[in-house]
Amino acid sequence: MARPPILSVALPSDTGRVLSIQSHTVQGYVGNKSSVFPLQLLGFDVDPINSVQFSNHTGYPTFRGQVLDGKQLWDLIEGLEANQLLHYTHLLTGYIGSVSFLDTVLQVVDKLRSVNPDLLYVCDPVLGDEGKLYVPQELISVYQQKVVPVASMLTPNQFEVELLTGLRIISEQDGLTACNTLHSAGPRKVVITSALIEGKLLLIGSHKKTEEQPPEQFKIEIPKIPAYFTGTGDLTTALLLGWSNKYPDNLEKAAELAVSSLQALLRRTVEDYKRAGFDPSTSSLEIRLIQSQDEIRNPTVTCKAVKYGS
C-alpha cells in the first residue's frame, strides 16, 4: 500500500488550545514548566514557546542558557501560519525581558485575533515583586499603553498593580479602585493574585461582565505558608486560565479552585521537603508539581471567596 502524501493536519481542540509564551528551565518549575502541565491536566492542548531557555531558574547561584529575541519569535509564528496552525482559543504570556520582545508579542496578539477574533489573552505582567523591579523600567509604559488594552484577563501581584496604575495599595478599597482603573483600560477580568493588606494575604478579583454594569468583585484570604517558593505566580495564572475557561461567568469559583489547588500543592511541597530532612525556611523550594496531579485536576475548595458589596 502506497504511503499517503506528507500532509499533516492538526485536529481542532474541543477543550481549548493555548499558545503559552513564557520562560523555560531545564530543571525546576517556573514559566512554561510551571504552566503547561497543569493546563494539560485541565484538558487543554498547550503549545509552548520558550522566551528563554535556561539550565535552572535565576535564583540559583549560577545559570546558563539562551534568550529568544523578537525576530526568532516571529519566525516561529510565521512557521505556524504557513501551515495554517494558528487557531488558538487562548494566548498566555508571563515573564518578558525586553521591549522588542514585548512589541513582537503584541504583533502575535493581532495575528492570532485575525484568525480567531474570540481569542482570550491572559497576561501575567511580570514586572517585579515586593518593591523590586525584575525588568527594564521602559517595559512598564509598554504594558500600560499597549498590553493592558488588549488583554482579556490580567493577573498582576500587588507591586505590579501599583506600577501599572500609579496607585498605592494599602487597603482593600485601594485594590478595588486599581481593578476598576485597569478595567477602564481594557481587560474584563482582573485578578490581583497576592496583596499583603493589614497583615492579611489576599487575592482580589474583579469581573466586569458588561460595559454598563459595575464589576463583580471579591476577595479570598490566602493562608500563609512559612516558606518561599518559585514558579507559584506562573502556576496561579495557568490555573486561573484553566478554571475560568470551565466557569467563564464565575470568576469567584475559578479563583477558589485555583487558590485551593495551589495551597494543596504548596503544603505537599513543604511536607516533602521536611520528610527529606530539609528545613523549608532556609531556601526557596521547587514546587512538587508532578506529585500534585490530583490536587490540580480535582481540588477540594478550602479557600472561599467573599463578595464585596453583598
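**View A. Strand 1 and strand 2 run parallel.** Strand 1 (residues 17–25) and strand 2 (residues 45–54) pair in the parallel sense over eight bridges. Two strands pair if DSSP finds at least two bridges between them. Helices (H or I, at least four residues) and strands (E, at least two) are DSSP runs, numbered from the N terminus. Val18 has Val46 as its bridge partner in strand 2. From strand 1 the chain crosses through helix 1 (residues 32–41) to strand 2, a right-handed β-α-β crossover. Right-handed means that, with the strands pointing away from the viewer, the path from the first strand over the helix to the second runs clockwise.

This is a predicted model: local features need pLDDT of at least 70, side-chain atom pairs count only at pLDDT 80 or more, and totals for chains, interfaces and linings use all residues. Residues are numbered from 1 along each chain as its sequence is written, and side-chain values use heavy atoms, leaving out hydrogens and water.

**View B. Strand 2 and strand 3 run antiparallel.** Strand 3 (residues 65–67) pairs with strand 2 over three bridges. Val52 has Val67 as its bridge partner in strand 3.

**View C. Helix 5 packs on helix 6.** Helix 5 (residues 158–165) and helix 6 (residues 172–185) pack at about 55°, with axes 10 Å apart. Axes are lines fitted to C-alpha atoms, for helices over the stretch in contact, and angles run from 0 to 180 degrees between N-to-C directions. Helix 5 is therefore oblique to helix 6. Angles under 35 degrees count as roughly parallel, over 145 as roughly antiparallel, 65 to 115 as roughly perpendicular and the rest as oblique.

**View D. Six residues form the contact of helix 5 with helix 6.** Val161, Leu164 and Thr165 in helix 5 meet Ala178, Thr181 and Leu182 in helix 6 (heavy atoms within 4.5 Å).

Definitions and conventions: Ala, Val, Leu, Ile, Met, Phe, Trp, Tyr, Cys and Pro count as nonpolar, Asp, Glu, Lys and Arg as charged, and the others, Gly among them, as polar.
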